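Welcome! Take a moment to look over the sequence and the model before reading on.

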Amino acid sequence: MVRLLRTVSQTSVNETPAAGPGQVWDLLVIGAGPAGLTAALYGARAGLSTVVLERGPVGGQIAVVDRVENYPGFPGGLSGAELATKMEEQARLSGAAFVSGDGSASGLDLASPVKTVAGLRARAVIIATGARPRRLGLPGEQRLGGRGVSYCATCDGPFFRGRRVVVIGGGDSAVTEAIFLSRLAATVTVVHRRERFRAAPSLVGRLRQAANVNFRLGRVPVDIVGEERVEAVLLKPRGAGEEVEPERLEAEGVFIYVGLDPESGFVRGHVDLDDQGYIVTDEVLRTRVPRVYAAGDVRAKELRQVVTAAADGALAAMTAERDLAEDEA
Ligand code: NAP
């Protein structure tokens, strides 16, 4: 069941048909992160009736990022939420409609010329569902989820003001969020399994400057422990065997940033996925299914950044527009 979030906004240049039962949209975009919002902007501006389907808040992963500093045009950066809001506003002003609903709901049909996703029908579909935080798979991680274990420093960081927190991971996310947490927490200990960070050196340099940040490098977490709430993280040197006693790192909060998994399970069997579950596309972002495209972090590619997600959104929409025009020729 889907719900129209707001009435379709229209500009003088784009006449977008109002949503109604049985309507066939030109373009359905699944996911309202930077890739989906840019696809909607370009699709609507190209004159396609465009609808965006999103099950959560608009913005995807960036909605909870404290600061985005490397999206061009914003010297000094801006909050992820602000960037997401601006992108949404621009897509709406161009004439895109937004519908709340779950693209992974049953009844998915991508193969027919008129495709169906969550009860919406469209001639072309762009999958821009992004990725979600990867779990470590430790026993205490699930048990203490929401009780000291978190995957979102922007959401939960304020609960740990003046407390001790641990950040696990060595990529851009771990380092960016550790910098954010260092402004709130009493101490931040960054646990990374290698000596070298994967994150951009400029970020690592800023993290090293924070006086209350410690590092436990070459260590892997083996469990998170606590009765009612997190009390400590247990660490071992990487490669250490069963016989090695774990080191106990006392902390009230644990923020886990060990990478992302693509939100692609619902299209498994419909489009091609690589061995990590990312959607395989050609150079202009077509999947193997006619009039189905993929854009952003859910797609198999080299660089996952806001700017590359936005670029994907634009390209996928323009390819869809060309393909639909060919169908009509
Ligand atoms: P990522 O780049 O994949 O990094 C994941 C980190 O977690 C790596 O350091 C990895 O260690 C570690 N890790 C993975 N599995 C682990 C395990 N089982 N135990 C312990 N450590 C583990 O993920 P990310 O930082 O979430 O970033 C995802 C994408 O978003 C990247 O492309 C990133 O550049 C982008 N991003 C960009 C920005 C920005 O531009 N400001 C901010 C956030 C994210 P190894 O290094 O040893 O593999």
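Here is a short tour of some helix pairs and of the ligand's surroundings. Please keep in mind that this is a predicted model.

**How helices are paired**

| Helix pair | Axis distance | Angle |
|---|---|---|
| α1 (residues 34-45) and α2 (residues 80-93) | 8 Å | about 25° |
| α1 and α7 (residues 306-328) | within 7 Å | roughly 35° |
| α5 (residues 172-182) and α6 (residues 201-209) | within 9 Å | roughly 35° |

**Helix α1 and its two partners**

Let us begin with α1 and α2, whose axes meet at an angle of about 25°. Angles under 35 degrees count as roughly parallel, and α1 and α2 are therefore roughly parallel to each other. The crossing of α1 past α2 is left-handed. On the α1 side, P34, L37, A40 and L41 make the contact, while α2 brings A84, M87, E88, Q90 and A91. Sorted by class, this contact has seven nonpolar residues, one polar and one charged.

Now turn to α7, which α1 passes in a right-handed crossing. Here α1 contributes P34, A35, T38, A39, Y42 and G43, and they meet V306, A309, A310, G313, A314, A317 and M318 of α7. Which classes of residue make up the contact of α1 with α7? There are ten nonpolar and three polar residues, and no charged ones.

**Helices α5 and α6**

Another pair to find is α5 with α6, where the crossing is left-handed. The contact joins D172, V175, T176, A178 and I179 of α5 to L203, V204, R206 and L207 of α6. By class, six of these residues are nonpolar, one is polar and two are charged.

**Around the ligand**

How many residues surround the ligand? There are 17, and the closest are N70, D172, S173, R194 and R198. D172 links this part of the tour to the previous one, as D172 of α5 also belongs to the contact with α6.

Several polar atoms lie by oxygen atoms of the ligand. From the side chain of R193, a polar atom is 2.9 Å from a ligand oxygen. The backbone takes part too: a polar backbone atom of G171 is 3.3 Å from an oxygen atom of the ligand, and a backbone N or O atom of R304 is 3.3 Å from a ligand oxygen.

Technical notes. Residues are numbered from 1 along each chain as its sequence is written. This is a predicted model: local features need pLDDT of at least 70, side-chain atom pairs count only at pLDDT 80 or more; totals for chains, interfaces and linings use all residues. Side-chain values use heavy atoms; hydrogens and water are left out. Axes are lines fitted to C-alpha atoms, for helices over the stretch in contact, and angles run from 0 to 180 degrees between N-to-C directions. Helices (H or I, at least four residues) and strands (E, at least two) are DSSP runs, numbered from the N terminus. Angles under 35 degrees count as roughly parallel, over 145 as roughly antiparallel, 65 to 115 as roughly perpendicular and the rest as oblique. A crossing is left-handed if the near helix is turned anticlockwise from the far one by less than a right angle, and right-handed if clockwise. Contact means heavy atoms within 4.5 Å. Ala, Val, Leu, Ile, Met, Phe, Trp, Tyr, Cys and Pro count as nonpolar, Asp, Glu, Lys and Arg as charged, and the others, Gly among them, as polar. A residue is near a molecule or strand if one of its heavy atoms lies within 4 Å of it. A polar contact is a pair of N or O atoms within 3.5 Å; within protein, one must be able to donate a hydrogen and the other to accept it, and residues adjacent in sequence count only if both atoms are side-chain atoms.
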